[in-house]
Amino acid sequence: MSTSVSSIPDSNFEFNNLKSSEESTLDPPIKKKEFRSYSDASSTVKNTYHLNHTKQTFDYVKNKKSNLVQRLSSKSGPCHSIWEVLGIMDSFVDESDPDTNQSQMVHAIQCAEAARVSGYPEWFQVSLLIHDLGKYMGIVEQLDQWSVVGDIFVVGAEPANQVVYYEFFNENPDFVSGSIYNTKLGVYEENCGFENLHLSYGHDEYLYQVLKHSDTKLPEEGLYLIRFHSFYPWHRDFAYQHFASKKDFEMREMLQNFSKCDLYSKSDDKPDFDALKTHYQELISKYFPSKLYW
Ligand code: FE
Ligand code: FE
């Protein structure tokens, strides 16, 4: 059953009707390569997803999220600037990504530049610059990559078959017949909104919580895009729409535009880091406090 936007209760969310000034820039005009091709991905990519789909259970996610919120509320974790974490992530390569072996620092600048040349506003550019910094959680929480990277899915309700490597869910103890976690609505209510779901624990939620617990000036839309940028089953395939709120439906196009900057900017050409450094440092100081707890 599909749900129309009008049948969903209103939220108080103010939708910023964002459009790029040169929207076509990021549609790959002549595809140099196929993006997100998982059937012929490396064994490293497959193994990361295999562990992810097997080990991310409802209890695991709830525990991790509550520990994170507790640590951030008590300000007991590491304290760094955005720029410092960008530097740290220069040595991190995402093992779930079939499209790039570049460091996360290079990926960050490539994404932000894609948004800048397409004419998106500064808050959108800076959101792209930092969107993957949550991968720093692997160091802070000493997590393997299966709990850091990759697409995210809903736990506590049956998985959508649009999730990549759906077949690996056979080994997840939550997704067995008779389990409440393996029913369409699971432990949730229809159209409850993604903010009320538990999604598999990874870098989206981590960075969202880090920012939520800081004095960031990023608009609410930026926080939303960061929190759900890996929710590909939704923004690419329109899965899980029975959980979407009016706000989620309204935000989907913006999430897709965000995703274009994230995905199609991946290339082997490294940005001119020295030429761009000052620009991005200024942008960071405009939107974020000098230090944040991680
Ligand atoms: Fe990401
Ligand atoms: Fe990314």
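Biologist: Which spacing do the donors of the iron ion (ligand 2) follow along the chain?

Modeller: In this predicted model, the donors of the iron ion (ligand 2) follow the spacing H-x23-H-D-x129-D. Distant parts of the chain are linked in this way: H107 lies in helix 4 (residues 104-117) and D262 in helix 10 (residues 246-264), 155 residues apart.

Biologist: Which atoms coordinate the iron ion (ligand 2), and at what distances?

Modeller: The coordinating atoms are NE2 of H107, NE2 of H131, OD of D132 and OD of D262, at 2.1 to 2.3 Å. D132 also coordinates the iron ion (ligand 1), and the two iron ions are 3.7 Å apart.

Biologist: What describes the site of the iron ion (ligand 2), given its four donor atoms?

Modeller: One reads the angles among the donors. Four donors count as tetrahedral if all angles lie between 85 and 135 degrees. Here the angles run from 81 to 167°, and the site is irregular.

Biologist: Are H107 and D262 buried or exposed?

Modeller: A residue is called buried if its relative accessible area is under 20%. H107 has a relative accessible area of 3%, so this residue is buried. D262 is at 6% relative accessibility and therefore counts as buried.

Biologist: Which residues form one aromatic cluster with F194 and F231?

Modeller: The cluster also holds Y224, F228, W234, F238, Y240 and F249. The ring of F238 has the charged end of R252 over it, 3.9 Å from the ring centre. In another case, the charged end of R36 sits over the ring of Y232, 3.6 Å from its centre.

Biologist: How many residues of helix 7 are buried?

Modeller: Helix 7 (residues 203-212) is mostly covered, with nine of its 10 residues buried. Among them are H203, D204, E205 and Y206. The buried residues of helix 7 pack against several elements, including helix 2 (58-73), helix 5 (122-130) and strand 4 (292-293).

Terms used. Residues numbered from 1 in each chain as written. Chains lettered and ligands numbered in written order. Predicted model: local features only at pLDDT ≥ 70, side-chain atom pairs only at ≥ 80, totals over all residues. Heavy atoms only, no water. Phe/Tyr/Trp six-rings, centres within 6.5 Å; stacked < 30°, edge-to-face > 60°. Lys NZ or Arg CZ within 6 Å of the ring centre and 35° of its normal. Donors = N, O, S within 2.8 Å, 3.2 Å for Na, K, Ca; no water. Tetrahedral: all angles 85-135°; square planar, octahedral: opposite > 155°, others 65-115°. Helix = DSSP H or I, 4+ residues; strand = E, 2+ residues; numbered from the N terminus. Buried < 20%, exposed > 50% of the residue type's maximum accessible area, 1.4 Å probe, protein only. Contact = heavy atoms within 4.5 Å.
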